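Visitor: I would like to go through this structure and ask what stands behind the terms used for it. Please show it first.

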Amino acid sequence: MVSPMLFIIAPLSAAFIMILFNSRVIALGLSLLVPIGLAWLGLSWLPYTLGAAQPILVASIPAPLGIPLSIDALGAGMAILVAVSAALVVLYSSSYMKKGHHEVRYYTVVMILLTSAFGLVLTRDIFNLFVFFEILCISSYILVSWEQDGAALEASFKYMVLGSIGSTFLLVSIALVYRVAGSLAMADVATALATAPRGYVAFAAVTFLFGVGVEAAIFPVNTWLPDAHSSAPSSISAILSGFVIELALVVAFRVLNTAFAAVDTLPLVRVVAIAGVIVGEMAAFGQKDLKRMLAYSSISQIGIMLFAFSLGTQAGAQAGLQHLLMHAGAKSALFLIAGYFIVRTGSRLIADYAGLGHRMPVSAALFGFAALSLVGAPPLLGFFTKFQVLSAAGAAGGFTAWLGVAVILFGTVLETVYLFRVLRVLFAPAASGSPARADMDWPALAAVALFTALVVFGALLLPTLSQMIGPMADGLASLL
Amino acid sequence: MISTAQILYITSFALIVIGLYAVLSQRNLIRVVIGLNIADVGINLLLVTIGYVEGGRVPIFAAGQSAGTMVDPVPQALVLTAIVIGFGVTALMLTLVMRIYAHHGTVDASRLRGLKW
């Protein structure tokens, strides 16, 4: 077996090698090969982790120092999602990024972002978690400001300020935890916090939630997201909305649910999740800028996933993870296509896309499928995942669960209206004659088609998927 | 009588609050960065204080000494990491402020449309 340590080592070494050679071909080749190889590595570990009752320890220093890295079913699953998404986004970037526009450095930063994403999946140490979080944040700041125009610089600065405040909270929480636990390994922390004063643990847990909540875009600390995700290059928007916030969400929830298990944070989490759904959908409804609309929609979708997790039931965790998979596919496709809409029209405003469906028929059709899945139209994957979230909430019962169901249904109505508004503009009669066809370049089209295929045919995978998702959902609630 | 550790805890939380207040109240981007740095110092102090032992020794083993009277070295290692990360983030932020100034000719957040929060 190849060691999962490669998840961290391979992208990091690739980053150094490509900056050393400073050649576009080497950079592009490595950034395609590394995620593909790591996706295979994740797949090869998946059967073992599914069969194992406990996470498999990858590397550790003897206790009490620990600093363990382990892989479990949830970790393997998230790693595969991250690796596949990254490979497709790199494929898209190969035609989307302007040639010679510091391209090698772009791929270097993407590789560093991947390093931290895989690190977050594997680590079982809260300070290591902080370090990987910081690497993730810093590489995101750099990628958001990539275009270096006014909006991107301001968005990146705003993201940095809020991200740094989040890191401050996270570090305070870690300090508070270490003070009573005397250890940083999550398993030891969970044991020690079980006997600590409840008020103290609750304070540390809430500090932790708002610390990591910034990166996971949990309401109300997500005000950076619409600016950052809309001002970044579209390939980066797809990475950030496609797996970075989801990954942060899963990691945050797992730590809250395990290390801080001594206090019940689920009611608080559920309230912020529901608030996120409603605020995100209402804000998206009023947007005229396509990427901003998609970014606000990410806030509400994150809310739906967090709501499903916060139900505290096995069904809820499974539904949340399936919805996460759907959102990763659909939102990545939508952002990637929006990127080419902007390239072809030179505008980010939806109103300027009138009749674009005739110039870019394939892209617009793929956009339609991804949007329909996001809304939850049967028989696309989004219908099944959203239905499962709602039925899990119904099974859990209680006032806040039903409130969540009502809010999600109301949000779906809003979502349908604003996404159909975009589709109506796209397929409006062309203004003058029959314009020349100008679909996406083929590497980009291939990447988008694969993302869209996931959400269109994903429902066929559900029977296979549901056998794996159970152990993965257990990973949200167990540690060692 | 207030112990040294209590004074340090109060100081560190005061620094964090002052820093965050500066970040939220100041319009000048450079001052925002300085505010974050003050908060960073507060956290570093908090971490070191957690490992502090009244009358403790340097955590280096010599012949015949036990770990009992040593200060805890782990938070000190964490602080080193936190300082390095803080330095990197500060450098990146100042670079962005420079770019924003070159682009808009101002570092006043109230005059930058994208920086309202």
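Guide: Pro220(A) lies in the loop between α8 (198-216) and α9 (225-231) of chain A. The model is predicted, so local features need pLDDT of at least 70 and side-chain atom pairs pLDDT 80 or more, while totals for chains, interfaces and linings use all residues. Residues are numbered from 1 along each chain, chains are lettered from A in the order written, and side-chain values use heavy atoms, without hydrogens and water.

Visitor: What makes α8 and α9 of chain A elements with numbers?

Guide: They are DSSP runs numbered from the N terminus (helices: H or I, at least four residues; strands: E, at least two). Pro220(A) falls between residues 198-216 and 225-231, and is therefore placed in a loop.

Visitor: What is the omega of the cis peptide bond at Pro220(A)?

Guide: Omega is about 0° for the bond that joins Phe219(A) and Pro220(A). Another cis peptide bond, with omega about 5°, joins Pro378(A) and Pro379(A). Pro379(A) is in the loop between α15 (361-375) and α16 (381-396) of chain A.

Visitor: What is noted about phi of Asn22(A)?

Guide: Phi is near 50°, a positive value in a residue other than glycine. Asn22(A) sits in the loop between α1 and α2 (24-51) of chain A.

Visitor: Which residues make the nonpolar surface patch, and why is it called a patch?

Guide: Leu12(A), Phe16(A), Ile17(A), Ile19(A), Leu20(A), Phe21(A) and Ile26(A) make it, with about 680 Å². They count as a patch because each has over 30% relative accessible area and no salt bridge, and nonpolar side chains are joined within 5 Å. Helix α1 (residues 6-21) of chain A gives the most, six residues, and Ile19(A) is in that helix.

Visitor: How do you know that chain A and chain B are in contact?

Guide: Contact means heavy atoms within 4.5 Å. The contact takes 31 residues from chain A and 37 residues from chain B. The two chains bury about 3000 Å² between them (accessible area, 1.4 Å probe, lost on being put together and summed over both), and 82% of it is on carbon and sulfur atoms. Glu154(A), Phe157(A) and Tyr178(A) supply 23% of the area that chain A buries against chain B, more than any other three residues.

Visitor: Which elements of chain A supply the side that touches chain B?

Guide: α5 (126-144) and α6 (150-181) of chain A each give two or more residues, and α6(A) gives the most, with 18 residues.

Technical notes
Patches are made of residues with over 30% relative accessible area and no salt bridge: like charges are joined within 9 Å, nonpolar side chains (Val, Leu, Ile, Met, Phe, Trp, Tyr) within 5 Å. Accessible areas come from the Shrake-Rupley method with a 1.4 Å probe; for residues, only the protein chains shown count as cover. A salt bridge is a side-chain nitrogen of Lys or Arg within 4 Å of a carboxyl oxygen of Asp or Glu.
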